[in-house]
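The following exercises concern a structure of two protein chains.

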Amino acid sequence: MLELKDIVTHYGAMMALKGVSLEVKKGEIVCLLGGNASGKSTTMKSILGLVRPTEGSVHFEGKRIDQLATGEIVRRGISLVPEGRRIFGRMTVHENLVLGSYVRRLDPRAEIEQDLERVFNLFPRLRERTHQFGGTMSGGEQQMLAIGRALMSRPRLLLMDEPSMGLSPAFVDQVFDIIQEINGQGTTILVVEQNAAVALSVARRGYVMRNGLIAATDTAQTLLASEDVRRAYLGEE
Amino acid sequence: MSFVEILSILPQQLVFGLTLGAIYGLIALGYTMVYGVLMMINFAHGEIFMIGAYIGCGMLTVLLDQNIGGLNPAWVLPALLLPAMVLCGGLGMGIERFAYRPLYMRGGSRLAPLISAFGASIFLQNAVMITQGARMKVYMTNLVFPRDWRFEIFGVHISVLVIVIASIALLLTAALVVLVQNSTLGRSIRAVSEDREMAGVMGINVGRVVGLTFFLGSALGGAAGVLIGLYYTQIDFVMGYSAGLKAFTAAVLGGIGNIKGAMVGGLLLGVIESVAVTFINPAFKDVVAFSVLILVLLFRPEGIFGETLADWKKV
């Protein structure tokens, strides 16, 4: 479904990605692990066209997308739950969700209402807070809103950047339950996580990044069992 | 002047102040909207306002030359306002496209577009001077709004023209507020001003939204130009400079980036100016206005309705 081939991305003179190749198949949850500044977020940004790879290619559903504008990539079925949530704090929950469906603004209103209903069923808390400003909500609620907003474009591939960051442990479990539920409804998911234990518990496969390169890839079970990964990324000595 | 005398002219000054203030507010909307999406002050905005006044003047002259009997404001006003708004809107978009976008797209200094704005401002002033002449032009306002179209309440003279000007300014502001609050374009504008990158991730074409924001702000500036022409009846190619600075003051006073704040700031500045000149020499009018700017920047830089700078995340 998604295929990155030898992606090289620069920030000015600094080479952030040095030839990253990875693949996500339809229906999978794949996680991308790695320490700080290993290139995880840059990989996400390169997929969405927020930074332009200087070499390599990105294919989505068989078509090359790395030269397209971000809006067009979103229109083709990829959406992002960004690191730090980045909801629109001066807009209401409802407005945030409607913005999420921006690429579908010409679709029948009934379909968009239907999607709103789906998000509210996934996150009943958001229904209660429809008219509250995003910026006044708790971190966990903002994370729900960020996920709901990303779902409003009906993505076939959902990119999630550090969804557990800054959340209480109980809430982290809840978020990953939701991730499995969304995946069960047919959305393919690529998730970047520092919290490797939780991420690998829901993912089928994983990639481990180090210094802008893919250092290892395997099934989630194997990675969880691997000494190297445990030592380097699960914080175990 | 005795205190009683001052009290007796104060209501009249308030009427002047509110009228002028409504026009300041209309111009201020352009500054505040552009600041919202780009975090830059469009210092060419005063010139767009000036060009709006020239377009209105040109249209009025054409209408007079055609010798159409009975210049009824009901159709003369739209005939002046619409071309001024559309052309100024297009001009604003053009300035953004050619003078600002190549600079801010490259990233880096926020100073570069600002300097480019001064360049655009000087360019437009001189373009108008060369093509229209340096002498002032006259609006034949009293052929549309005869001098005797006025009434008196408690000794205050209020002309129909003044009411029409204030109403148009307030109506346009209200229309803009509704647009920004309730339309898809409005939501896009707010999304871009809050978090440009995330707006792009929503699929919004950020460049187009910035361009349309310039169109809206500049169209309102053009309308303000026509209104000030009708009100003062004399226009010249440097009028955009001081009016632009006044409107910028109004935008800062109301809280830059805040749409309602721009209109409230405009009205307040107009009133402060005109009330002040009843107490001191009218020559000090600009001194009063710009003292307001300095005081606001010193003691409440976020303005009346503005948020503190910490609320502004990175662009």
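**Exercise 1.** Determine whether A:Ser46 counts as buried or exposed.

*Solution.* Step 1: A:Ser46 has a relative accessibility of 1%. Step 2: buried means under 20% relative accessible area, exposed over 50%, and partly exposed in between, with a 1.4 Å probe and protein chains only. Step 3: A:Ser46 therefore counts as buried. Step 4: as for its place, A:Ser46 is in helix 1 (residues 40–48) of chain A; helices (H or I, at least four residues) are DSSP runs, numbered from the N terminus. Step 5: leaving out residues up to four places away in sequence, A:Ser46 touches A:Ile7, A:Thr9, A:Leu17, A:Val51, A:Pro53 and A:Val58, where contact means heavy atoms within 4.5 Å.

The model is predicted: local features need pLDDT of at least 70, side-chain atom pairs count only at pLDDT 80 or more, and totals for chains, interfaces and linings use all residues. Residues are numbered from 1 along each chain as its sequence is written, chains are lettered from A and ligands numbered from 1 in the order in which they are written, and side-chain values use heavy atoms, with hydrogens and water left out.

**Exercise 2.** Describe how helix 3 of chain A and helix 7 of chain B cross.

*Solution.* Step 1: two packed helices are described by the angle between their axes and the distance between the axes. Step 2: the axes of helix 3 (residues 93–100) of chain A and helix 7 (residues 184–194) of chain B come within 11 Å and cross at roughly 100°; axes are lines fitted to C-alpha atoms over the stretch in contact, and angles run from 0 to 180 degrees between N-to-C directions. Step 3: helix 3 of chain A is therefore roughly perpendicular to helix 7 of chain B, a term for angles of 65 to 115 degrees. Step 4: A:Glu95, A:Val98 and A:Leu99 meet B:Arg187, B:Arg190 and B:Ala191 there.

Terms used: Helix = DSSP H or I, 4+ residues; strand = E, 2+ residues; numbered from the N terminus. Parallel < 35°, antiparallel > 145°, perpendicular 65-115°, else oblique.
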